[in-house]
Amino acid sequence: MNYGTIKKYDIADGPGVRVSLFVSGCRHHCKGCFNAETWDFAYGQPFTLATEDEILEALAPDYIQGFTALGGEPFEPENQPVVAALMKKIREHYPNKDIWCYTGYLYDVDLVPGGRVFTDVTREMLSYIDVLVDGEFIEAEKDISLQFRGSKNQRIIHISEKP
């Protein structure tokens with residue numbers, strides 16, 4: 001998996017100060033996407049153990065509330081194994097920090113057994129996520145007044161509160 005960037009002091013993609021990983025690769029190609037360069041799976045640089053260590057180190061300060069995965073598309077089947085493994089390590093090292101993830105796929109349609117991007121690690125990946133922001137960005141529904149999402153169709157789902 002490649003990634004475009006790591007933001008170590010992100011205040012836009014979840015509550016508080018966060019460490020955010022922008023993965024590469026996305027098949028949605030939403031019109032008006034703010035990060036279209038990450039559509040290319042080869043964009044950026046390879047995600048390595050050194051990258052993982054950099055993220056874990058950046059999460060260490062007490063003022064960092066949590067981690068956010070976005071992109072690109074963390075739930076592309078090619079990206080899921082690496083993102084799930086990273087989230088597992090974050091959970092082990094920082095059990096009190098929250099994990100957010102943005103996806104253009106729908107939680108209750110695409111990320112369930114039989115869904116178009118459900119893989120052998122999807123369920124595990126979802127188990128580490130506290131909050132999932134789902135749904136493609138739709139330019140016609142863009143609303144800059146919305147917190148933590150770009151268009152009205154996108155949902156903020158508190159997975160950790162699900163039964």
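Select D10 and R18: D10 stands opposite R18, which lies in β2. Strands and helices here are DSSP runs numbered from the N terminus, with at least two residues (E) for a strand and at least four (H or I) for a helix. This is a predicted model, in which local features need pLDDT of at least 70 and side-chain atom pairs count only at pLDDT 80 or more, while totals for chains, interfaces and linings use all residues. Residues are numbered from 1 along each chain as its sequence is written, and side-chain values use heavy atoms, with hydrogens and water left out.

Now show β1 and β2 whole. The two strands pair in the antiparallel sense over five bridges; strands pair if DSSP finds at least two bridges between them. Their hairpin has six residues between the strands, and there G14 takes a positive phi near 135 degrees.

β1 and β3 run antiparallel and are joined by two bridges. Y3 is opposite Q45 of β3.

Rings of Phe, Tyr and Trp (its six-membered ring) pair if their centres lie within 6.5 Å; planes under 30 degrees apart count as stacked, over 60 as edge-to-face and the rest as tilted. Y3 is in strand β1 and F47 in the loop between β3 and α1, 44 residues apart. Y3 counts as buried because its relative accessibility is 6%; F47 also counts as buried, at 15%. Buried means under 20% relative accessible area, exposed over 50%, and partly exposed in between (1.4 Å probe, protein chains only).

How many aromatic pairs does a search of the whole structure find? It finds two. For the other, select W100 and F148: the ring centres are 5.1 Å apart and the planes at 70 degrees, so this pair is edge-to-face. W100 sits in strand β5 and F148 in the loop between β6 (131–134) and β7 (155–158), 48 residues apart. Both W100 and F148 are buried.

Next, go to N2 in strand β1. N2 is buried, with a relative accessible area of 16%. Leaving out residues up to four places away in sequence, N2 touches V23, S24, F41, A42, Y43, G44, Q45, P46 and F47; contact means heavy atoms within 4.5 Å.

Then colour the largest nonpolar core, which has 32 residues. Such a core is a set of buried Ala, Val, Leu, Ile, Met, Phe, Trp, Tyr and Cys residues joined through side-chain atoms within 4.5 Å. Those with the most contacts inside this core are L21, I55, F67, F75, M87 and I129. The largest share of the core, five residues, comes from α2. Apart from this core lies another, of seven residues, including L70, Y102, V133 and F148.

Finish on α2. This helix has 14 residues and reaches 20 Å from first C-alpha to last, close to the 20 Å expected at 1.5 Å a residue (1.5 Å times one less than the number of residues). Which residues of α2 are buried? Select Q80, V83, A84, L86, M87, I90 and R91. Seen down the axis of α2, the buried residues fall within an arc of 165 degrees, so they line one face of the helix; the arc is that of the directions from the helix axis to the C-beta atoms. They pack against β2, α1, β4, β5 and α3.
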